[in-house]
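Please read these notes with the model open beside you. They are meant for someone seeing it for the first time.

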Amino acid sequence: MNHETANAICDELASWLAEQRELAWSTRLPSRAPDFVPLPEDLSPVLVQALDARGIRALYSHQKRAYELARASRDLVVVTPTASGKSLCYNLPVLQTLLEEPEGRALYLFPTKALSQDQQSALNEVLLGGDIGVAINTYDGDTPADIRTKARTSGRIIISNPDMLHAGILPNHTKWIKFFSNLRYVVVDELHAYRGVFGSHVASVLRRLIRIAKFYGSSPVFIFSSATIANPRELAERSIERDVALIEENGAGSGEKIVLCVNPPIVDAVQGIRRSSSLEAESVMLWLLRKGVRTILFSRSRLQVELLAKYLNQKLENPYNRDFGLVVKPYRSGLLPSERRAIERGLRDGQIHGVVSTNALELGIDIGGLDAAVITGYPGSIASFWQQAGRAGRTSGLSLAVYVASASPLDQYFAAHPEYFLSRSAEQAHIDAYNPYIFTDHLKCAAFELPFAEGEAFSPDPSNHKAAQLTQEALEYLEEEGIVRHTAGRYFWSAEGYPGEKISLRTATTENVVIVDVTKGRHDVIGEMDRPSAKELLFENAVYLHLGIQYQVRRLDLEKRLCLVEQSDADYWTDSIVKRDIEVLSQDSSEPHGQLRVILGDILVRGQVEKYKKLRFNTNENVGYGEIWLPPEEMQTRSLIVVLAPEGQSGGLLRSLAPEKADGILHGVTNLIRQLAPARVLCDIHDIGIASRVRDLFFTSPSMYFYDMYPGGTGIVEALLPNLKETVASAIERLAGCPCGGGCPSCIGVEIASAENKALALELLRLLYSALES
C-alpha cells in the first residue's frame, strides 16, 4: 500500500471515529532518517558477501557499536525500538568469531519457541547469502531425537529457549562437553520479557549456565537485546551479576506512524458504563479489513482472542465471494506448534489478512508487512504498547496504530491525558532471583548438575556474601530433608529424579492439564493449560474456545491432569467467580505516616473457584449461574498493607459509615489504586491481587492489601512502595475527573454507585495522600 493511499485511509478512519464521537485524540509520529556507518574493517569477506546479497552495505550506528563491544569480550545490552535491526547486533560478532575459531560455539535464547524458529530462518538467509559453513540447530521440545544428537555434537549455534535450557540442556551437560568447553557467546533476546516471575527464574537459569560453562573452562560473553525499558543495564546486570555495557542510541530509521486513541461511547449514562472495548476493537478491525488493510488486533486474554476471531469471521461470512477473500485467525498460547507456524507462514505470504492475538505476537516474530495494529486496552507497560504498535509498519512507509481504551481507570486516564501517555518514560523491570522459592528450586537443579563446595555461592559473583549465606542455609535445609548429602567438603545430590521436571519457569506449577476432544468418539489432543488457569477456565460445563471452534467441558480430572471436551453449540460463554481469603504471616517493615501505617510482609492467600456466570455471545447478557466444586489453592506471598488508624481522619471517616457502605467505599478505593499501579510499576494489573477489610481480623483497623500474585513475590509490591503516593495522586485525579454521576467501571465501580459514595471515596483518597506526604 503506497503512502498516499495509506494516508487517505487513516484520515477516513479518523473522520469516521470523530463522527461517532469516539476519537479521544490522535497524533502523527514523524519518520526518522537512519544513521549509517561503514562495515567493520575486520569483517570476513564471506560475511560481507552474505550481507551484500541481502542489500546491506553499511550498518546502523548501534549495530557497529555492538559489534565492537562484543568482539572486545564485553557483556552488553542493546536497547532500541522494534524493527531496528537488533538481530545483526549479535549475529555479526557471533558469526565473525565462529569463522575465526572453528571450534567456537554460541547459544541463542529466545523467550518462545516461535521466536527460536523465526531466528533460525533469519540466520539461514544470512548463511545462504554467502559461503559460510556454520551449522545452526534449533533445540527445543519440538526437535526430533536424531536432530538433537546432531545438534549436541556438531551444532555451532544452538537456538533454544530458557525452558529447554533449564530442563533439557543443563541437566544433561555431560552430553554437551564439546559445546560448553568452547562456548564463546550467549545471546539473550527480548530481555524486557524476562521480568517478574519468568525473569526471576531465568536469572537463576543463567547463573546455572555460567557455573557449568566455568566448570568446562569457558567464560562466554553475554549479549542482551531489549525493547525500551527504564533500567535495561540494571536488569541485565542483576541477571548475570556482572558489569554490562549499555547501547541505547538508535541508528535505525523508521517510517511515519499515526496513533489514534479510541474511547468507546457511554451506553449507560446513569452508571457510566461504556461500550465494550473488545467489540469496539472488533469494529475498527472489520472496517480496516474491508478497506484492504492487513491488520493485527491485540487482546488481553486467550478467551477474548477466540471470541473476537469468531465474531469477525461471522461478520465476514459470505459463501458467494469466499468471505470477501479475507482470512482472520486467532493466535495465542495453547495452540499446537503446527497451528502456530501455519498462522505465522500465512501472515508472511499474505494468505492470512488479519490476526487476533494475545501478546504472543508482541515479540519479534517475523509476520511480514502488516499495515495496522489495533490494541485493546493498555497492555500493561509503555514498552509493550510500542512493541505492539511496532508490529505494523516494520519495514517502511506509513503505518497505523489504534489504541482502544477500555473502561478501566488506567485506560480512561490515558484517554484523557494524551500528553502524559505520549511523553511517558518506559517503566522499570523488576526481578528477584533471591525469592526463597525460586532460589531454592534452582539450587536443587544446580546441585543435581554439579556438587557444591562448602562456602560456594550460587552466584557468578564470588564476592556476593548474601548469596553465599543463602546458599549455605539452603543447602543445610536440603540436607535435613535428605535431598543433598554432605561429604568430603561438598554437597552432592542424593534424591531421586531430576528436580527441574517439577519446576516451571513461567507459572507456579508444572502440572499442565491436557485438553482432549472426545466429540463422536474422537480422542484428539487440542491444547494444554496450567493447573491454576484450568480451575478457572476448564471446570465442568465450562465453554472452551479453540481456533474459533466451541467446546464444552465434560470432565476435568486434576489428578490425571486431563480435561475432556466435546464440540458444543451453546449460545453463551462462561466466566468463573473466585473468592480469596487472607492471613497475615509476618511483618518485615512498618513505616508510620501520621494516621496510617504502610507495612511490607508475608501473607497466606487461599483462593476458591466457587461459581461461574453464563454470558450470551455478542451481548454479554448474563443468562445464568452454575456451581463449581474444586479444591482451593493456597499461596504464601509478599504484600504491601496500608493500615488506617481508627482514631485518624481516614479511619474515622469509615467508622462513621454503615459497615456495608464503608466496605464498598474502601474496596472501590483499593481497586482504583491497583488499576493505576501499572502506570508506575512494570507489571500487569493481574500481577497484583487486592483485598480490603473495614474491620481487619489481624490489625483490628481498616486495611488495604496489595499482594504479589506469585508465591514468595517477585519484587512488585516492593516496587509499588516508593510509588504509592504518586499512584494515590493519580487515583484522585482519575476519580475527580471522571464524568460519571456516582461511580462507574472507570473509577470506583458500579457496586456502590451514588454521588455521595463517589464524594466519600474522593475524600478518603485525599486523606490517604495527605498522610503519605507526612
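1. Basis. This is a predicted model, in which local features need pLDDT of at least 70, side-chain atom pairs count only at pLDDT 80 or more, and totals for chains, interfaces and linings use all residues. Residues are numbered from 1 along each chain as its sequence is written, and side-chain values use heavy atoms, with hydrogens and water left out.

2. Strands are DSSP runs of E, at least two residues long, and helices are runs of H or I, at least four, both numbered from the N terminus. Two strands pair if DSSP finds at least two bridges between them.

3. Strand 4 (residues 76-79) and strand 9 (residues 221-226) run parallel and are joined by 4 bridges. Val 79 stands opposite Ser 226 of strand 9.

4. An open sheet of 5 strands has the order 23-22-26-25-24 and mixed pairing. Strand 23 (524-530) and strand 24 (543-546) each have a single partner strand, so one side of each lacks a neighbour in the sheet. The twist averages 35° from one strand to the next. Strand 22 (residues 512-517) runs antiparallel to strand 23, with 6 bridges between them. Val 516 has Val 525 as its bridge partner in strand 23.

5. Helix pair. Helix 9 (residues 196-215) packs with helix 17 (residues 436-449) at an angle of about 25°, their axes 10 Å apart. That makes helix 9 roughly parallel to helix 17 (angles under 35 degrees count as such). Axes are lines fitted to C-alpha atoms, for helices over the stretch in contact, and angles run from 0 to 180 degrees between N-to-C directions. The contact (heavy atoms within 4.5 Å) includes Val 197 and Arg 208 of helix 9 and His 442 and Glu 449 of helix 17.

6. Ala 495 lies in the loop between strand 21 (490-493) and strand 22. Neighbours within four places in sequence aside, Ala 495 is in contact with Gly 482 and Ile 483.

How values were computed:
Parallel < 35°, antiparallel > 145°, perpendicular 65-115°, else oblique.
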